[in-house]
Amino acid sequence: MKVAILAGGKGTRLSELTREVPKPMVKIGSKPILIHIINLYTKYNLKDFFILVGHKSKVIKNYFKNFKKVNQSFEYKINKTKCKITLLETGKDSMTGGRLKKLENILENDEEFMFTYGDGISNVNLKKLENFHFKHGKLVTVTAVHPIPRFGEIDIHKNRVTRFSEKKRSTKIWINGGFFILNKKFLRYIKNDSTILEREPLEKAAKKKQMFAFKHRGFWQCMDTKRDKDLLSNLLKKIKPW
């Protein structure tokens with residue numbers, strides 16, 4: 001199964017770290033987060049990657065020493081695993097849906113493929129995700145995770161604090177954690193480069209009952225801010241939970 005990774009956005013919320021490099025090339029430890037994500041997939045013997053580049057794509061092209069030209073695959077070893085990588089140029093200003101739609105002329109009819117964002121790490125079991133997807137037979141399977149709140153909570157009754165709780169992961173709310181499996185037919189829901197994946201295309205899939213959620217309760221962390229980046233760097237030094 002092919003794996004597509006979004007790597008073309010501007011990462012404006014991480015601007016202090018993305019002035020010179022695109023967000024997926026921000027380092028966690030000694031390696032860009034993009035390489036940590038690829039490494040997760042290689043653990044499940046997934047080795048055929050399409051990196052959907054755009055903003056500051058030259059940085060990604062320069063990182064892969066075997067890269068020769070866009071839209072042409074090359075071999076690259078990651079942790080002694082030989083991978084096939086294609087850097088797919090998707091435009092500097094394309095939205096998430098527009099970038100993904102560039103795969104439409106590459107994939108076979110009815111082909112299933114994996115897809116995720118270039119700024120999130122998890123220890124999701126990709127084999128279980130795959131089994132879940134084929135069991136339900138829909139166009140979209142999204143990995144659902146519990147969000148990590150930014151603030152703690154207090155309960156108040158007549159100005160008196162009755163409960164004080166430090167921030168902790170919610171067990172009631174589920175959010176889009178990336179790590180999708182999609183059928184090529186889903187790409188028909190994407191109109192053009194200006195389409196935001198998380199709006200009309202995914203909303204339409206849900207409305208048409210073509211989307212299932214694989215609930216992941218293990219480790220998941222996105223990298224939206226410098227604080228997130230520092231958290232991931234510290235985790236890497238200690239336990240590396242992905």
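1. F164 is found in strand 11; strands (E, at least two residues) and helices (H or I, at least four) are DSSP runs, numbered from the N terminus. This is a predicted model, where local features need pLDDT of at least 70, side-chain atom pairs count only at pLDDT 80 or more, and totals for chains, interfaces and linings use all residues. Residues are numbered from 1 along each chain as its sequence is written, and side-chain values use heavy atoms, with hydrogens and water left out.

2. Is F164 buried or exposed? F164 has a relative accessible area of 63%, so it counts as exposed. The classes are buried (under 20% relative accessible area), exposed (over 50%) and partly exposed (in between), with a 1.4 Å probe and protein chains only. Accessible areas come from the Shrake-Rupley method, and for residues only the protein chains shown count as cover.

3. F164 belongs to a nonpolar surface patch of about 410 Å², together with I154, I156 and V161. Strand 10 (153–157) and strand 11 (160–165) each supply at least two residues of the patch. Patch residues have over 30% relative accessible area and no salt bridge; nonpolar side chains (Val, Leu, Ile, Met, Phe, Trp, Tyr) are joined within 5 Å, like charges within 9 Å.

4. Helix 1 (residues 33–42) is mostly covered, with ten of its ten residues buried. Among them are I33, L34, H36, N39 and Y41.

5. Helix 6 (residues 226–238) has 13 residues. From first C-alpha to last, helix 6 reaches 19 Å, close to the 18 Å expected at 1.5 Å a residue. The expected span is 1.5 Å times one less than the number of residues.

6. Which residues of helix 6 are buried? They are D228, K229, L232, S233 and L235. They lie on the same side of helix 6, because they cover an arc of only 160° around the axis. The arc is taken over the directions from the helix axis to the C-beta atoms. The face turned away from this buried side carries the exposed residues K237 and K238.

7. The buried residues of helix 6 pack against strand 2 (27–28), helix 1, strand 8 (120–122) and strand 15 (220–222). Contact means heavy atoms within 4.5 Å. Just after helix 6, K240 takes a positive phi of about 40°.

8. Salt bridges next. The criterion is a side-chain nitrogen of Lys or Arg within 4 Å of a carboxyl oxygen of Asp or Glu. By this rule the count comes to ten. Three of the residues involved, K23, D119 and D224, are linked in a network of salt bridges.

9. E111 and K2 pair through their side chains in a salt bridge (2.8 Å, N to O). This pair links distant parts of the chain, 109 residues apart: E111 is in the loop between helix 3 (96–101) and strand 7 (112–117), K2 in strand 1 (residues 2–7). Both E111 and K2 are buried.

10. D110 and K185 form a salt bridge (3.2 Å, N to O). They are 75 residues apart: D110 sits in the loop between helix 3 and strand 7, K185 in the loop between strand 13 (180–183) and helix 5 (200–207). D110 is partly exposed at 42% relative accessible area. K185 is also partly exposed, at 35%.

11. What separates K226 and D230 in helix 6? They are four residues apart, so about one helical turn lies between them. Their side chains meet in a salt bridge (3.0 Å, N to O). K226 is partly exposed at 36% relative accessibility, and D230 is partly exposed at 29%.

Note on methods: Areas by Shrake-Rupley, 256 points an atom, 1.4 Å probe, with all protein chains shown as cover.
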